[in-house]
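Dear colleague,

My findings follow it, and I would be grateful if you would read them with the coordinates open.

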Amino acid sequence: MYDILGDGGILKEVVQPGEGPPVPQNASVISSYNAKKQSKTFIWDSCSISQLVFSMLYPLPVYYSGYLEYSNQPFESTSHLQYPPMMKLGRDVTLAGLELGLLTMKKGEFSRFLLQPQYAYGEMGCPPFIPAAAAILYEVHVLDYLDSGQVDEFIAMSSEEQSSVPLSTLVEVINTLRSFGNRFFNQSRYDHAKDRYKQAIILLRNWDSQNEPDKEKIQVALLPLYMNLSLAELRLENPQKALKYGKKALEIDSANTKALFRCGQAYHELQEFESAQDCLIAAQSKKPFDSDINNLLKKVALAYKDGLDKEKDMYSKMFRELRSSEQ
């Protein structure tokens with residue numbers, strides 16, 4: 001292990017090197033980590049010792065495991081959670097030494113950190129869980145990070161201040177929010193994804209400019225957000241809302257294949273098969289060999305035919321009953 005600060009307070013051992021630049025100061029870090037104490041049993045996250053380190057722009061549970069000394073089995077762990085946490089540096093309540101350690105890490109890196117008490121829970125500890133002058137060992141794996149400092153700064157501005165920033169800055173903020181949304185979507189956290197996409201859309205729509213080229217760029221940035229939001233609503237089984245956002249995407253680009261497909265999906269869920277068929281045929285004309293479009297189109301055609309057959313049977317029965325009553 002080598003000494004990060006030169007005072008022996010934080011020792012680091014790189015188990016698996018990462019790549020790229022170190023984690024930036026305001027990043028949201030996607031990581032998993034284990035905690036080992038060098039003396040008695042403790043639950044390290046139960047004490048609010050330091051307010052220096054992690055926070056999340058959008059809170060998630062933290063992966064960690066606490067071990068007894070010389071034990072290979074954790075006495076408490078969040079490793080059973082399906083997805084790793086995304087933690088925002090600089091806000092959440094945790095240890096100063098852990099933040100300083102994370103700032104030395106790169107994407108994909110797995111390292112161990114031995115924190116002396118002054119960088120952990122201090123000389124007093126955190127009774128009854130953490131004894132006095134406890135040294136802590138962390139095992140940390142940084143899977144990825146997003147530099148969200150710019151998002152924080154932008155959101156903290158007034159609407160007038162936001163409108164005064166260059167469009168390029170706004171687009172960078174939007175792209176980061178969309179990346180957060182995509183991360184949540186890929187973890188099947190569709191409500192969280194939806195919130196991020198909506199937040200990005202609101203920021204774009206609130207940005208005031210009379211410049212026509214800028215207005216066009218805003219529309220370009222809105223298009224994928226509406227489509228992502230439409231898909232998130234489909235996953236949440238809200239086809240009416242999915243259709244609403246799919247139509248908004250088509251208002252921007254009426255020939256967009258993905259937007260046509262999203263509307264087709266929504267109409268299918270709403271059992272409006274004729275409208276679904278219209279959207280999917282339009283999408284198929286753009287991408288005739290797309291298997292998703294073709295498979296859904298077959299499904300819709302069968303459902304549409306089945307619906308017509310049932311309707312025909314219903315009318316036939318009504319006419320038979322009417323004739324019987326007249327005789």
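In helix α8, the buried residues are T257, A259, L260, F261, R262, C263, G264, Q265, A266, Y267 and H268. Please note that this is a predicted model. The helix is thus mostly covered, with 11 of its 13 residues buried. Helix α8 covers residues 257–269 and reaches 18 Å from its first C-alpha to its last, close to the 18 Å expected at 1.5 Å a residue. At its start, a side-chain oxygen of N256 comes to within 3.1 Å of the backbone nitrogen of K258. Just after the helix, Q271 adopts a positive phi of about 60 degrees.

The largest nonpolar core comprises 49 residues, and those with the most contacts inside it are L170, I174, F185, L203, L204, I218 and L225. Helix α8 is one of the elements that each supply at least two residues of this core, as are α4 (167–186) and α5 (190–206). The greatest contribution comes from α6, with 11 residues. Leaving aside neighbours within four places in sequence, I218 is in contact with L167, L170, L204 and W207. Another core, of 22 residues, lies apart from this one and has I10, L102, A120 and I130 among its members.

Turning to the strands, β10 (residues 110–115) pairs with β2 (residues 10–16) in the antiparallel sense over 6 bridges. Within that pairing, F110 of β10 stands opposite Q16. Strand β10 is also joined by 6 bridges to β11 (residues 136–147), again running antiparallel; here L114 has L137 as its bridge partner.

Yours sincerely

Conventions: Residues are numbered from 1 along each chain as its sequence is written. This is a predicted model: local features need pLDDT of at least 70, side-chain atom pairs count only at pLDDT 80 or more; totals for chains, interfaces and linings use all residues. Side-chain values use heavy atoms; hydrogens and water are left out. Two strands pair if DSSP finds at least two bridges between them. Helices (H or I, at least four residues) and strands (E, at least two) are DSSP runs, numbered from the N terminus. The expected span of a helix is 1.5 Å times one less than its number of residues. Buried means under 20% relative accessible area, exposed over 50%, partly exposed in between (1.4 Å probe, protein chains only). A polar contact is a pair of N or O atoms within 3.5 Å; within protein, one must be able to donate a hydrogen and the other to accept it, and residues adjacent in sequence count only if both atoms are side-chain atoms. A nonpolar core is a set of buried Ala, Val, Leu, Ile, Met, Phe, Trp, Tyr and Cys residues joined through side-chain atoms within 4.5 Å. Contact means heavy atoms within 4.5 Å.
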